[in-house]
Amino acid sequence: MVSNEHYSHIISWMPHGRAWKVHNKRLLVEGQYFLSSYASSTGELSEWGFKMLHQAGPDYGCYYHECFLRGHPQLTALMKKTAVPDFYDCSKPTNEGARRALESNDEPPNRA
């Protein structure tokens with residue numbers, strides 16, 4: 001859904017492809033793309049290791065996961081659901097391959 005231009009007014013990738021942003025929470029929940037509420041959905045995201053970015057700047061309020069990058073669907077196989085979410089700790093990636101991808105100045109390839 002995040003890569004589908006049809007939903008870009010609701011949810012979309014950031015230009016660098018390393019984070020995504022919800023633009024319209026109401027439409028996301030009403031369209032039943034998330035769970036019953038936005039709050040329960042963010043809890044689910046946290047359990048999967050997604051972090052909400054709180055640093056001031058263009059990525060503020062975006063969601064990030066070191067293995068969820070535009071154009072790199074193979075990295076999602078490395079994602080694991082955790083019992084104890086750590087939603088607000090985005091200090092340092094633990095996956096070396098994903099870390100290198102994040103540190104790269106290259107834009108992820110566009111998916112057609």
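I started at tyrosine 63, which is buried at a relative accessible area of 1%. My cut-offs: buried is under 20% relative accessible area, exposed is over 50%, and partly exposed is in between, with a 1.4 Å probe and protein chains only. This is a predicted model, so I hold local features to pLDDT of at least 70 and count side-chain atom pairs only at pLDDT 80 or more, while totals for chains, interfaces and linings use all residues. Residues are numbered from 1 along each chain as its sequence is written, and side-chain values use heavy atoms, with hydrogens and water left out.

**Aromatic pairs**

I searched the whole structure for aromatic pairs and got four. Rings of Phe, Tyr and Trp (its six-membered ring) pair if their centres lie within 6.5 Å; planes under 30 degrees apart are stacked, over 60 edge-to-face, and the rest tilted. For the record, helices (H or I, at least four residues) and strands (E, at least two) are DSSP runs, numbered from the N terminus. Buried or partly exposed? Tryptophan 13 is buried at 13%, whereas phenylalanine 68 is partly exposed at 22%.

Next I looked at tryptophan 20 and tyrosine 63, also a stacked pair, at 4.8 Å centre to centre and 25° between the planes. Tryptophan 20 lies in strand E2 (residues 20–22) and tyrosine 63 in strand E4, so the pair ties together parts 43 residues apart in sequence. Tryptophan 20 is buried too, at 4% relative accessibility. I then grouped the rings: Trp13, Trp20, Phe50, Tyr63 and Phe68 form one aromatic cluster.

**Cores**

I went on to the nonpolar cores, meaning sets of buried Ala, Val, Leu, Ile, Met, Phe, Trp, Tyr and Cys residues joined through side-chain atoms within 4.5 Å. Which residues have the most contacts inside the largest core? They are Ile11, Trp20, Val22, Phe50 and Tyr63, in a core of 16 residues. E1 and E2 each supply at least two residues of this core. A second, separate core has five residues, including Ala19, Leu53, Cys62 and Tyr64.

**Serine 12**

I checked serine 12, in strand E1, and found it buried at 14%. Its side chain makes a polar contact of 2.6 Å with the side chain of histidine 23. By polar contact I mean a pair of N or O atoms within 3.5 Å; within protein, one must be able to donate a hydrogen and the other to accept it, and residues adjacent in sequence count only if both atoms are side-chain atoms. Leaving out residues up to four places away in sequence, serine 12 touches Val2, Trp20, Lys21 and His23, where contact means heavy atoms within 4.5 Å.

**Leucine 27 and the whole chain**

Leucine 27 is in helix H1 (residues 25–30) and is partly exposed at 25%. I get 9.8 Å between the C-alpha atoms of leucine 27 and tyrosine 7, which are 20 residues apart along the chain.

I finished with the protein chain: three helices and four strands, in the pattern β-β-α-α-β-β-α. Of its 112 residues, 35% count as buried. Of contacts with a separation of 6 or more, 53% come from residues 24 or more positions apart.
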